[in-house]
Amino acid sequence: MKPIAIIQHVSLDGPEYFLDYLNRQAIPSCIFKVYTGAVLPDDVSAYAGIATFGGPMSVNDEAEHDWILLEIDFLRRAVAAGVPVIGHCLGGQLLARALGARVRKADIPEIGWVALQAESEALAQEWFGGYSSPRVFQWHSDSFDLPPGASLLASSAYCRNQAYLYDGRHLGMQFHCEVKVEMIRQWLQVGYQEIDAHDLPSVMSVAQIAASLEEGMPQSHRQADAIYRRWLRGVYG
C-alpha cells in the first residue's frame, strides 16, 4: 500500500485528526514539514494521495515563503498524474492556485464554528455523512475562486466557496475538519488579537470558541470521518 504524503506548513497546524483517521485504518503516511526545510519529492506517483494543511500565511506570500510555488507545482503534478489531493484551508487555497484559480482576500473573515450548506442532498449524503448543513471550524481571511472545471460542494452565509471537487477525486476545503481541541486552544493563545480586532457575525469571540470546544468537537470529528472516508475511496478504491 502506497502511503499518503502529508504537507505541513507550520508547527501549530498539523494533520491532527486526519492522521488519527489514517492510523485507525492502518493507512501509512509520510509527513513533509516544509517550514523546517523538508523538500517535496520529485516522484508524486510514489504516493497514493496528497493531503495538505493550513497556516497563517497567504498563498500569495510566495516572496516570503519559498516553498509556496514549489508546493503549487507539486500539487499540479499530482493532479496531472491522477494522485488524489485533499486540501484543508490554506491547503485548499494552494490546490485552487494549482488548478488555475485566484486566491484573494475574503469579503469577510470567518473564525469559529460556521454552518455550511451542501449544494444538494445528494452531495450531503456522499461527502458530508448526510448532513445538509454541516457545522465546521473556520479560521481564514482569504478565499479561493472556484477552479475552472471544479464543482462546488458547499457554501456558507459569509463565504460562498467552501468546498470543491475537481475530476471526481481532488477535494479543496476552506474550513478545518482536521482540528482537535488542544490545537484550537493553542491557536487561541497565539491568535487572540486577530479575533479581538473583529466585531463581525462571522467571528466568534475567544471566550465563545473556548467554551464551545468540548461540545463541538465530536460533531466535527463525525463530519471529518465522512469526508475522509469518501476522499479515500478515490485513493484506494
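**Group meeting: a walk through the predicted model**

Let's start with helix α3. This helix is mostly covered, with 9 of its 9 residues buried. Buried means under 20% relative accessible area, exposed means over 50%, and partly exposed lies in between, with a 1.4 Å probe and protein chains only. The buried residues of α3 include Leu 90, Gln 93, Arg 97 and Ala 98. Just after α3, Gly 100 has a positive phi of about 95 degrees.

A word on the source. This is a predicted model, in which local features need pLDDT of at least 70 and side-chain atom pairs count only at pLDDT 80 or more, while totals for chains, interfaces and linings use all residues. Residues are numbered from 1 along each chain as its sequence is written, and side-chain values use heavy atoms, with hydrogens and water left out.

Now the overall picture. The protein chain has 6 helices and 9 strands. The radius of gyration is 16 Å, close to the 18 Å from the globule rule for 237 residues, so the chain is as compact as a globular protein of that length. That radius is taken over C-alpha atoms, and the rule is 2.2 Å times the number of residues to the power 0.38. Helices here are DSSP runs of H or I with at least four residues, strands are runs of E with at least two, and both are numbered from the N terminus.

The C-alpha trace spans about 45 × 40 × 35 Å along its principal axes. Of the 237 residues, 56% count as buried. The accessible surface comes to about 10000 Å², and 49% of that belongs to carbon and sulfur atoms. Those areas come from the Shrake-Rupley method with a 1.4 Å probe; for residues, only the protein chains shown count as cover.

Contacts next. A contact means heavy atoms within 4.5 Å. Take contacts between residues at least 6 apart in sequence: 74% of them join residues at least 24 apart.

On to the inside. Which residues have the most contacts inside the largest nonpolar core? They are Ile 4, Phe 18, Ile 86, Phe 175, Ile 227, Tyr 228 and Trp 231, in a core of 32 residues. Several elements each supply at least two residues of this core, among them β1 (4-8), α1 (16-24), β5 and β9. Helix α6 gives the most, with 6 residues. A second, separate core has 31 residues, including Ile 7, Phe 32, Leu 90 and Val 103. By definition, a nonpolar core is a set of buried Ala, Val, Leu, Ile, Met, Phe, Trp, Tyr and Cys residues joined through side-chain atoms within 4.5 Å. In soluble globular proteins, nonpolar side chains tend to be buried together.

Look at Phe 175. Leaving out residues up to four places away in sequence, Phe 175 touches His 88, Leu 116, Phe 128 and Ile 227, among others.

Now strand β9, residues 170-173. Both faces are covered. His 170 and Gly 172 are buried on one side, Leu 171 and Met 173 on the other. In a regular strand the side chains alternate between the two faces of the sheet.

What does β9 pair with? Strand β4 (residues 85-88) pairs with β9 in the parallel sense, over 3 bridges. Two strands pair if DSSP finds at least two bridges between them. His 88 stands opposite Met 173. Strand β8 (residues 163-166) pairs with β9 in the antiparallel sense, over 4 bridges. There, Tyr 166 has His 170 as its bridge partner. β8 and β9 form a hairpin with 3 residues between them, and Asp 167 in the turn has a positive phi of about 60 degrees.

Asp 167 also leads us to charges. Its side chain meets that of Arg 169 in a salt bridge, 3.9 Å from N to O. A salt bridge is a side-chain nitrogen of Lys or Arg within 4 Å of a carboxyl oxygen of Asp or Glu. Asp 167 is partly exposed at 48%, and Arg 169 is partly exposed at 30%.

How many salt bridges does the structure hold? There are 9. Asp 145 forms one with Arg 102, with the closest N and O atoms 3.2 Å apart. The two residues sit in separate loops, 43 residues apart. Arg 102 is exposed, at 51%.

Last one: Glu 126 and Arg 230, at 2.8 Å from N to O. Glu 126 is partly exposed at 33%, whereas Arg 230 is buried at 11%.
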